[in-house]
Amino acid sequence: MQDRVIHKKEMVIGGRPLVLEVGRVARQASGAVLARYGDTVVLVTATMAAEPREGIDFFPLLVDYEERHYAVGKIPGGFLRREGKPGEKAVLSARLIDRSIRPLFPQKLRRDVHVVATIMSVDQDCAPEITAMIGASAALSLSEIPFAGPIGGVIVGLVDGEYVINPTVAQEERNKLHLVVAGTRDAIMMVECGAKEVPESEILEAIDRGHQVVREIVDFIAAFREEALALGLASPKLAIEFPEPDPVMVQEVREAGQTALAAAIRRCVDARLDKKAREELVENAKKELTAALLEKYPEAEALIREELEAVEKKIVRELIRDEKIRIDGRGLREIRPLSVEVGVLPRAHGSGLFTRGQTQVLSAVTLGPVGDEQILDGLGIEETKRFMHHYNFPPYSTGEARPIRSPGRREIGHGALAERALEAVLPPEDVFPYTIRIVSEVLESNGSTSMASVCASTLALMDAGVPIKAPVAGIAMGLIKDGDTVSILTDIQGVEDRLGDMDFKVAGSAAGVTALQMDIKIPGVTREILERALAQAREARLYILETMKQTIAAPRPELSPYAPRVLHMVIDPEKIRDVIGPGGKVIRKIIELTGAEIDVEDDGRVYITAPTEEAGRKAMEIIQNLTAEVTVGQVYLGRVTRVADFGCFVEIIPGVLGLPGKEGLVHISQLAPQRVERVEDVVKEGDQILVKVIGYDNQGKIKLSKKEAMRAVEQRENKRPDRRSPRIRIRSSK
């Protein structure tokens, strides 16, 4: 076999080595890079079809992110014990890479391009998604695929007030910001973050810090390509010629379209038509133009439609650029009419309906016991998930008729974005011991349903009585950039997303940003554009928060009567076996007796979920009695269970579920201050008496004293007002 030429190149990012390697594996792919960051290893390949796909009007890019459980030394769960369809984390990572690289391909490219990132080894301190992103950039750069890269990507954290590149697991515990920034040497391509109410100024500084490192990565990959090219391990870029249409025909289509479409769009603006009426008016104008032009150019229907789309885009963008007015008649900073409602679903634990123009989302909150946490079977260190936000986008929301399938990448991505936005304000588990699930149903869609989901979900949380730190709202910003002229749009709708250059979603509270996501269609944006967009987004966010406040200003003081009651207690971990019992016998009895669900954690935390407060308290009392420790010096109100010549036995902690309680002996000498001849002269079986624990005998049995208990109570009653005495706790055995 011919000797293989292998080339490696190394740089340091965030104090850890990044190594790119080409030539050893997957040599039949157009580009293949083995990327290693710390002990994280990702194989990234890039391939392109030999021929264009017919009958499409988009660039067919597919990014797959393949998680392998052997990467963390785990065997997959499930019956088959092998990897199945990608999990949520894999889908989000694939979208992260896709959104970073997509704007850098020729927009007229119709060949399928497939990027596959296979996660083979994971060092939890070195994020595999960032390693995969850098590997994808390198693989595309080495290949013959037309690509205006390379790009770089990093995570920026804010740990103890300091900006950190690619934070470690230990640093993440103190991190206020998880910001992913990707870009070329000159511009930012993609930003996504979750934050704990971080001010916009600090977000911008984090983006700047990240872009500085991105530039170093871009230079590193560019040098890697040049070295690989010299070794025959990279390919020259393929020069793909895109057929140019007849210029005379194009000019005629554009001139006809300019006149007719400009008139139609002006009517939309003047009448402030809604989405359906506007689309119908513009589409009818396109159909009439197409029919007339097809008489002269019968074979050019696809081209005519494409050129008319370009004309529509040009007219809408010029309207915004020159007249500062949008297709629905709004100004650049104007938000569509808002409507806010809560409690619309009587049996849901909490619900909120948020309407912004023709975008409408209904969110419902369900509260469950801690045992309802989602079990994660991925490559991360988290094993369970207490908060879930799910987003549904049915076809009727856009007036379409098509089958409803399982959630796609878009639904998963939008749900995760809203989840990130809300997570920062949720109460911790020890304060609010519930599993929380929110489902956002998109009822109408005309732009930024993900940010409407944030608003509706905040309303639902407050309606449910979840004690969130602060309300959160979200807004989507747009961009129209022609040369040096930049127009920032507040609250973009569908047509502005389709014809514009940026979709910049910002969510947060009045104090700061909690989530952010930026997608662009042009080769990057500058810091100045981001700064303007963030400032305009804050202005809009505060307006929406104030509108929401007029309907519900704070979480309701009480949970819904239909929500379960969850009580929380902590026991000695050594006592867990007493609560569980042999074969689970004891805990099953408690559940049967009270109707409560009981979750016991290894560290001694116990969560009791019951249909009523009374049932929960009963279960808690049983567990307290099962695990109670007898404390020397404590006074108890006990029950005499047996009388003997030498004293009496007193139960100070009653038995439960047929199990014996805890009792001790009051010796005859400890029954009273004076001499007692017969025990029966002082107590009889069934009496309730105060006793004090005075110690244990040689056999470990409890020694009690009625005499000492009486003395302790007497001292307390006769104490002087200015004199402190030990506090006496009396525990009832009832």
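Which residue forms a salt bridge with D491, and how far apart are the closest N and O atoms? The legends below, drawn from a predicted model, begin with this pair and then move on to other charged contacts and to the chain as a whole.

**View 1. The salt bridge between D491 and R356.** In this close-up of the predicted model, D491 pairs with R356 in a salt bridge whose closest N and O atoms are 3.0 Å apart.

View 2. Side chains of opposite charge can pair when their charged atoms come close.

**View 3. The salt bridge between D519 and R99.** Here the side chains of D519 and R99 meet in a salt bridge, with an N to O distance of 2.3 Å. This pair also links distant parts of the chain, with D519 in strand β21 (residues 513-520) and R99 in helix α1 (residues 88-101), 420 residues apart. R99 has a relative accessible area of 11%, which is under the 20% cut-off, and R99 therefore counts as buried.

**View 4. The salt bridge between E680 and R678.** In this view E680 forms a salt bridge with R678, and the closest N and O atoms of the pair are 4.0 Å apart. E680 is partly exposed, with a relative accessible area of 43%, and R678, at 46% relative accessibility, likewise counts as partly exposed.

**View 5. The whole chain as the setting for the close-ups.** The chain has 15 helices and 30 strands. Its radius of gyration is 34 Å, well over the 27 Å that the globule rule gives for 734 residues, so the chain is more spread out than a compact globule. The C-alpha trace spans about 125 × 70 × 50 Å along its principal axes, and 52% of the 734 residues count as buried. Of the contacts with a separation of 6 or more, 69% come from residues 24 or more positions apart.

**View 6. Charge and surface across the chain.** The chain carries 99 positive and 110 negative side chains, and the centres of these two sets lie 5 Å apart. A search of the whole structure finds 56 salt bridges. The chain exposes about 34700 Å², of which carbon and sulfur atoms supply 50%.

Conventions:
Residues numbered from 1 in each chain as written. Predicted model: local features only at pLDDT ≥ 70, side-chain atom pairs only at ≥ 80, totals over all residues. Heavy atoms only, no water. Helix = DSSP H or I, 4+ residues; strand = E, 2+ residues; numbered from the N terminus. Rg over C-alpha atoms; globule rule 2.2 N^0.38 Å. Buried < 20%, exposed > 50% of the residue type's maximum accessible area, 1.4 Å probe, protein only. Contact = heavy atoms within 4.5 Å. Areas by Shrake-Rupley, 256 points an atom, 1.4 Å probe, with all protein chains shown as cover. Lys, Arg positive; Asp, Glu negative; His and termini not counted. Charge placed at Lys NZ, Arg CZ, Asp CG, Glu CD.
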